[in-house]
Amino acid sequence: MMPLRALPPASFYTPEQGQVFARDTMLNVLSVLKAEIGDLDRVKSCVKILVFVASADDFYNQPAVANDATKLLGELFGEEIGMNALPGNLPIEIEAIFELYE
């Protein structure tokens with residue numbers, strides 16, 4: 001696993017640097033997965049990933065930064081995560097997890 005490093009505030013790095021961060025973070029995810037399952041050849045496919053991009057308030061191209069994580073999966077497993085259609089032909093799908101009070 002790659003060592004974690006403190007990063008400058010989001011307004012101090014470029015989109016290209018963010019793409020490198022996304023790729024490095026996915027490498028960390030895969031390193032943990034390999035440690036757990038022993039061999040990445042056991043991976044049939046990546047069903048889902050969720051990427052959060054910290055950015056300056058006036059930056060609106062987070063998907064371009066996050067895409068480098070999925071591009072890495074494409075290089076390693078021959079597939080990228082993405083959707084060209086959603087169930088019911090909907091334009092947007094949202095996942096939400098809520099914490100409830102006891």
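## Nonpolar core

The largest nonpolar core holds 6 residues: A22, M26, L30, A69, L72 and L73. Two elements each give two or more residues to this core, α1 (15–37) and α2 (62–77). A nonpolar core here is a set of buried Ala, Val, Leu, Ile, Met, Phe, Trp, Tyr and Cys residues joined through side-chain atoms within 4.5 Å. Buried means under 20% relative accessible area (1.4 Å probe, protein chains only).

L30 touches L40, L72, L73, L76 and F77, leaving out residues up to four places away in sequence. Contact means heavy atoms within 4.5 Å.

## Basis of the model

This is a predicted model; local features need pLDDT of at least 70, side-chain atom pairs count only at pLDDT 80 or more, and totals for chains, interfaces and linings use all residues. Residues are numbered from 1 along each chain as its sequence is written, and side-chain values use heavy atoms, with hydrogens and water left out.

## Helix α2

α2 has 16 residues. From first C-alpha to last, α2 reaches 23 Å, close to the 22 Å expected at 1.5 Å a residue. That expected span is 1.5 Å times one less than the number of residues. A kink of about 30 degrees is centred on D68. The bend is the angle between axes fitted to the seven residues ending at a residue and the seven starting there.

V65, A66, D68, A69, T70, L72, L73 and G74 are the buried residues of α2. They pack against α1. G78 follows α2, with a positive phi near 80 degrees.

## Whole chain

The protein chain has 2 helices and 0 strands. Both types are DSSP runs, numbered from the N terminus: helices are H or I, at least four residues, and strands are E, at least two. Of its 102 residues, 18% count as buried.

Definitions and conventions
Buried < 20%, exposed > 50% of the residue type's maximum accessible area, 1.4 Å probe, protein only.
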